[in-house]
Amino acid sequence: MPASVTAASAQLRHIREQAKAGTVNWRRKIIYWSGAIMVGIVAVSFAALADKAAALRTHILTISPWLMLVVTPGGLALSTWLTRKWFKGAQGSGIPQAIACMHLHDFRVVDRVLSLKIAIAKIFLTSLGLLSGASIGREGPTVQVGAAIMHTVGRFMGINDPTRQHALIKAGGAAGVAAAFNTPLAGIVFGIEELAHSYEQRTSGTMLTCVVLAGVTAIALVGNYTYFGHTDSVVPVGVSWLAVLACGILGGLSGGMFSALLIRISRGIPGKMGAFIANHPISFAALCGLVLAIIGLISGGMTYGTGYVQARDIIMGSEHYPVSYFVLKCLATIVSYCSGIPGGLFAPSLSVGAGMGGWVAQFLPHTTPGAVVLLGTVAYFAAVTQAPLTATVIVMEMCDNQQVTLALLASAFLAFGVSRALCSHALYGALAVKFLRSANPRPGMSTRPSTATDTAR
């Protein structure tokens with residue numbers, strides 16, 4: 001055969017192989033993009049279902065607030081029973097599960113925790129908790145749902161490389177935050193600061209793409225809204241920065257104690273109470289529900305649910321809540337967490353922070369009240385999560401206000417430092433470690449994810 005014919009055949013074969021590889025690559029990208037779009041659609045649907053649950057709870061309250069003495073214990077007991085009987089892995093926030101799965105190499109465990117079955121259960125059980133009056137949010141659960149969707153996409157594509165699969169989990173979780181809050185930049189920062197604790201060049205493109213597509217999908221479905229509306233508050237350098245100090249220190253103290261308490265509770269309560277919880281989890285959940293209903297009656301129903309309405313009213317200055325609000329809301333959130341039902345901490349923490357800021361504002365006449373509320377919100381949230389950059393960007397984007405960025409950063413990092421002095425482990429990282437240990441890892445698994453304790457941020 002002439003050399004020219006052989007060369008031509010080799011060239012044609014090379015062209016066909018390149019075309020085939022390009023087709024496979026584009027098919028893979030389209031599937032990834034479809035997964036990211038699905039995260040946006042599911043996040044918006046989850047939000048709509050949560051709003052329906054809250055509306056139904058409000059209707060029950062209009063009939064009689066005393067009905068919650070039955071609805072809340074019954075709802076929490078049912079949620080706990082369903083979680084423990086059929087949907088193990090759906091309990092709690094969902095962020096610790098996503099973090100833990102990024103450090104697991106046994107895909108049998110990951111497949112169970114980030115299955116579509118658990119994701120669907122997470123949505124409906126969180127909505128059940130909101131209907132029942134638990135002080136929980138949907139944003140943390142949306143992280144687990146987003147991670148589950150992208151993990152499923154990776155398994156569908158036959159990806160067995162742990163690094164690539166972990167990248168998809170991180171991308172799905174970040175996309176969930178972006179779609180839940182309509183805060184794309186916060187989704188990116190959350191993925192880097194909270195989920196991965198590092199910036200990995202190899203996986204950043206996947207995460208950025210998923211965040212953008214999920215965010216665009218959410219905007220296309222519900223419009224370009226801001227979570228807490230728009231504020232024009234400013235914090236000029238000078239005496240107004242006393243609010244930064246006040247909110248940073250108070251937020252750090254309260255948020256740090258909150259996180260330390262939850263971590264301690266997660267490790268088990270000693271004595272007879274701990275034995276009762278272990279042996280009768282459903283009865284304990286019902287008791288937690290009764291306590292929540294009593295707190296709700298004392299607060300006039302303000303402590304039920306996410307606290308979104310209250311936080312928005314406080315930030316916008318349209319309503320004034322008593323000083324007891326943020327204390328009772330914090331207590332209700334602790335009780336809700338102790339019950340073991342599925343539900344997040346993001347929205348309640350933002351609401352507690354806003355209530356704290358509203359209380360501090362009355363003592364600082366030289367600073368715009370709205371600005372103090374924002375500083376209180378970011379400080380408490382940063383102290384709880386020990387993720388100051390994420391807290392700053394989330395609050396900044398939710399209020400569509402870049403004028404207070406520097407003050408928000410200062411309050412967040414001050415609160416972070418105070419919180420770290422009280423609680424040496426970041427909340428979600430510590431809960432992820434507990435989840436890893438409870439998963440009974442086999443040799444070859446990573447059993448200690450990087451937390452804020454290990455990584456300077």
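This is a predicted model: local features need pLDDT of at least 70, side-chain atom pairs count only at pLDDT 80 or more; totals for chains, interfaces and linings use all residues.

Student: Which element gives the most to the lining of the largest pocket?
Tutor: Several helices give two or more residues to that lining, including α2 (68-86), α10 (242-266) and α14 (324-339). With five residues, the one that gives the most is α14.

Student: And the second largest pocket: which element supplies the largest share of its lining?
Tutor: This pocket has a volume of about 640 Å³, and 29 residues line it. The elements giving two or more residues are α1 (3-63), α7 (162-181) and α13 (308-316). The largest share is eleven residues, and it comes from α1.

Student: Is Gln 144 buried or exposed?
Tutor: Gln 144 sits in helix α6 (residues 139-156). Its relative accessible area is 1%, and the cut-off for buried is under 20%. So Gln 144 counts as buried.

Student: Which side chain does the side chain of Gln 144 join in a polar contact of 3.0 Å?
Tutor: Gln 144 touches residues such as Gly 89, Val 113 and Lys 122. The polar contact of 3.0 Å is with the side chain of Lys 122.

Student: What separates the C-alpha atoms of Leu 131 and Ala 54?
Tutor: Leu 131 lies in helix α5 (residues 116-132), and its contacts include Ala 53 and Leu 56. Leu 131 and Ala 54 are 77 residues apart along the chain, yet their C-alpha atoms are separated by 5.6 Å.

Note on methods
Residues are numbered from 1 along each chain as its sequence is written. Side-chain values use heavy atoms; hydrogens and water are left out. Helices (H or I, at least four residues) and strands (E, at least two) are DSSP runs, numbered from the N terminus. Buried means under 20% relative accessible area, exposed over 50%, partly exposed in between (1.4 Å probe, protein chains only). A polar contact is a pair of N or O atoms within 3.5 Å; within protein, one must be able to donate a hydrogen and the other to accept it, and residues adjacent in sequence count only if both atoms are side-chain atoms. Contact means heavy atoms within 4.5 Å. On a 1 Å grid over the protein atoms alone, a cavity is a set of points where a 1.4 Å probe fits but cannot get out, and a pocket is an open set with protein on both sides within 12 Å along at least five of seven lines; lining residues have an atom within 4 Å of a point. Grid points are joined across faces, edges and corners, and a volume is the space filled by probe spheres set on the points. Lists of a residue's contacts leave out its neighbours within four places in sequence.
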